[in-house]
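Here's one to work through together, question by question. Have the model open as you read.

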Amino acid sequence: MKTRSLLLSALTLSALATLAYAQTPALKKGLKITLLPKNINNPYNVIETSGGLEAGKEIGALVKVVGPSDAGASSQVSYINTAIAQKQDALVLAANDANALLPYLARAKASGMKIVTMDSDTAVSGRTLFINQANSEGIGRAQVQLVGKLIGYKGEIAVLSATPNATNQNTWIKWMQEELKLPRYKDMKLVKIAYGNDDDQKSFTEMQGLIQAYPNLKGVISPTTVGISAGARYLSTSPSKGKVALTGLGTPNQMRAFVKDGTVTAFQLWNPADVGYLATYAAAALVSGQITGKPGEKFKAGRLGEYTIGKDGEIIVGPPYTFDKANIDKFDF
Ligand code: RAM
């Protein structure tokens, strides 16, 4: 009797599993997906979109990468309009502004396109899902913890950011300011937030400006791969090398020389390719009807495995990593 009911429940379970499996539609083939990074001449964005192209190959989608040369608030508008005209199934974008793109994204949505943001979000109404590289609060707080450690928790610090509109950097800076309120940082002071606009030359000039305007500056956090590499280039030949601690978010390949020559001790990042890869899988899962965007829904993203949609449609790729002299040569991106 016992054996029979066990057998029955085993049968029921397997029937249920088959049903659940049958209810998950396969990813559609030949999907048209446009990837629209903040700007195209930033090595970070090239790595990010390479992950999207990799995912596209795996799932048989037609993925293309387009984008402006500057990260200005409205520079992505014409690319959204083109994606509508070209009847793309999905648009995956790193937004240069949280609100400026909303009317254009609404048109795209109304045309039937699925919208996924990655790296830098719009307001929640602008998209169905946001692929966040790591937990925003964690990124912001970790940057302050790192600079604090590097300067012995004492002295003036500044931030060298991307554009003043960048949703991702602005969120991280907000968390940096929260972290700085803790008693551990009572002898540290944030004296300036400068903007290099994710433009290499402008970031270089802004770094120079910070060092000249604040002779007592002890540390700079640059939460942008463009800013930290341009800032390090300035610092590497300046008398402030070794006196001002520069840290933030950088790619190992752009920072390697500056870590080896002692300009920078440690910085952080995730693998940008994983962001584009996961975003493209998420877009394909949406278009194919595997998910609708509701919190709690799960989907599979190739080599990264299974992900669950969180609050407000946010999906977090994974924790950030700290790079230094001891480990930087293990990475090539
Ligand atoms: C720059 C961009 C990007 C950001 C990285 C850390 O490449 O601003 O949006 O995520 O830095």
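Q: How far is an oxygen atom of the ligand from an N or O atom in the side chain of Tyr44?
A: A polar contact here is a pair of N or O atoms within 3.5 Å; within protein, one must be able to donate a hydrogen and the other to accept it, and residues adjacent in sequence count only if both atoms are side-chain atoms. For Tyr44, the distance to a ligand oxygen is 3.5 Å. Asn42 has a side-chain N or O atom 2.9 Å from an oxygen of the ligand, and for Asp119 the value is 2.6 Å. This is a predicted model: local features need pLDDT of at least 70, side-chain atom pairs count only at pLDDT 80 or more, and totals for chains, interfaces and linings use all residues. Numbering runs from 1 along each chain as its sequence is written, and side-chain values use heavy atoms, leaving out hydrogens and water.

Q: Which residues surrounding the ligand are the closest?
A: A residue is near a molecule if one of its heavy atoms lies within 4 Å of it. The ligand has 14 residues around it, the closest being Lys38, Asp119, Gln169, Asp198 and Thr225.

Q: And how confident is the prediction?
A: Check pLDDT, the predictor's confidence in each residue, from 0 to 100. The protein chain averages 95, with 93% of the residues at 70 or above.
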